[in-house]
Amino acid sequence: ATYPELIDIKITDYCPFACSYCYMGSSNKGEPGNKDYINSLLYTLADYEIFEVALGGGEPTTHPEFIRFLAFCKQHGITANFTTKSMDWMGSIGNAHTILTSCGSFAYSVRNVSELEKFIIIFEKLKLDLKQFNFCPKTPNIHIVEYITPEYQLREILKLCAVHHYPIVLLGLKTTGRGEQYQKKQEKKYDWVSVVNKLIQAGEYIRFGID
C-alpha cells in the first residue's frame, strides 16, 4: 500500500485513572490534544483514503471533540475504533448511541474480575436501552495487560468473557512511561499460555488474541 492502512492517534494525555503500568504516562494533569491539529490530521487521512484509525490516549472519551472526531471518520469512510477504561460515556443514551453507531468497534480495559463485572452490568443494560433506536451495538473487545492481574484473576476474566462471548485481547506490558517502573516491581510472572490452553481444553469458548 502507498499509505498505512491503520493509524493510531493519541488524542489526549488526560486520564483520570493514572494506571501504574501506563506506557503513555497519562494522568489527570494531562491535556486534550489540539482539536484543530487533530481535525487537520483526519482530513489528511481521509484524502489518503486511510482505511482505519484507532483513537487512544489517555482516556479518549474525555476529549471534548471525541464524538465529532468519530462522526468525521464515519462520514469520510474511515473506520474509527477506540480503547477506553471509562463507562461515563455510557451514561447518556443519546451520546452512547451516537458513539456506537459512529465507531467500528471499541475495547474496554480491565484489571480484575470486579471491573469486568461492573462493565458487563452497565453495557448489557445499555444494549437493552438502545433497543428504542432499533440498534444493538457490536460486542466489545476486552483488553488485559499481561501480568497486571494474578493468575487466578486472569482465569476468571477469561471464563466470564466466554460466558458473554466477549473477545479478549492480551496486550504486552510495555517498558516505557510508568510501565518501566512497574516491570521492575513485578513479582513472579506466570505462564498465561498454559492458563488459556487449559480453559480451552476444558471446553470454554474463548475468543482470544494477542497484541
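Which residues in H2 meet residues in H3? Phe-66, Ile-67, Leu-70, Ala-71 and Lys-74 in H2 meet Asn-95, Thr-98, Ile-99, Thr-101 and Ser-102 in H3, where contact means heavy atoms within 4.5 Å. This is a predicted model, in which local features need pLDDT of at least 70, side-chain atom pairs count only at pLDDT 80 or more, and totals for chains, interfaces and linings use all residues. Residues are numbered from 1 along each chain as its sequence is written, and side-chain values use heavy atoms, leaving out hydrogens and water.

**Helix packing**

- The axes of H2 and H3 come within 9 Å and cross at roughly 35° (axes are lines fitted to C-alpha atoms, for helices over the stretch in contact, and angles run from 0 to 180 degrees between N-to-C directions).
- H2 passes H3 in a left-handed crossing, the near helix being turned anticlockwise from the far one by less than a right angle, whereas clockwise is right-handed.
- Helix H4 (residues 113-129) and helix H5 (residues 151-164) pack at an angle of about 20°, and their axes are 9 Å apart.
- That angle makes H4 roughly parallel to H5, a term for angles under 35 degrees.
- The crossing of H4 past H5 is right-handed.
- On the H4 side the contact is made by Val-113, Leu-116, Glu-117 and Ile-120, and on the H5 side by Gln-153, Glu-156, Ile-157, Leu-160, Cys-161 and His-164.
- The contact of H4 with H5 comprises six nonpolar, two polar and two charged residues (Ala, Val, Leu, Ile, Met, Phe, Trp, Tyr, Cys and Pro count as nonpolar, Asp, Glu, Lys and Arg as charged, and the others, Gly among them, as polar).

**Largest pocket**

- The largest pocket holds about 980 Å³ of space (on a 1 Å grid over the protein atoms alone, a pocket is an open set of points where a 1.4 Å probe fits, with protein on both sides within 12 Å along at least five of seven lines; lining residues have an atom within 4 Å of a point).
- Its lining has 38 residues, of which Tyr-23, Thr-83, Ser-109, His-143 and Leu-171 lie nearest the centre.
- Strand E3 gives the most to this lining, with four residues (strands are DSSP runs of E with at least two residues, and helices are runs of H or I with at least four).

**Second largest pocket**

- The volume of the second largest pocket is about 180 Å³.
- Among its 14 lining residues, Thr-61, Thr-62, His-63, Phe-66 and Trp-89 lie nearest the centre.
- Helix H2 (66-75) and helix H3 (93-102) are the elements that give two or more residues to this lining.

Definitions and conventions
Grid points are joined across faces, edges and corners, and a volume is the space filled by probe spheres set on the points. Angles under 35 degrees count as roughly parallel, over 145 as roughly antiparallel, 65 to 115 as roughly perpendicular and the rest as oblique.
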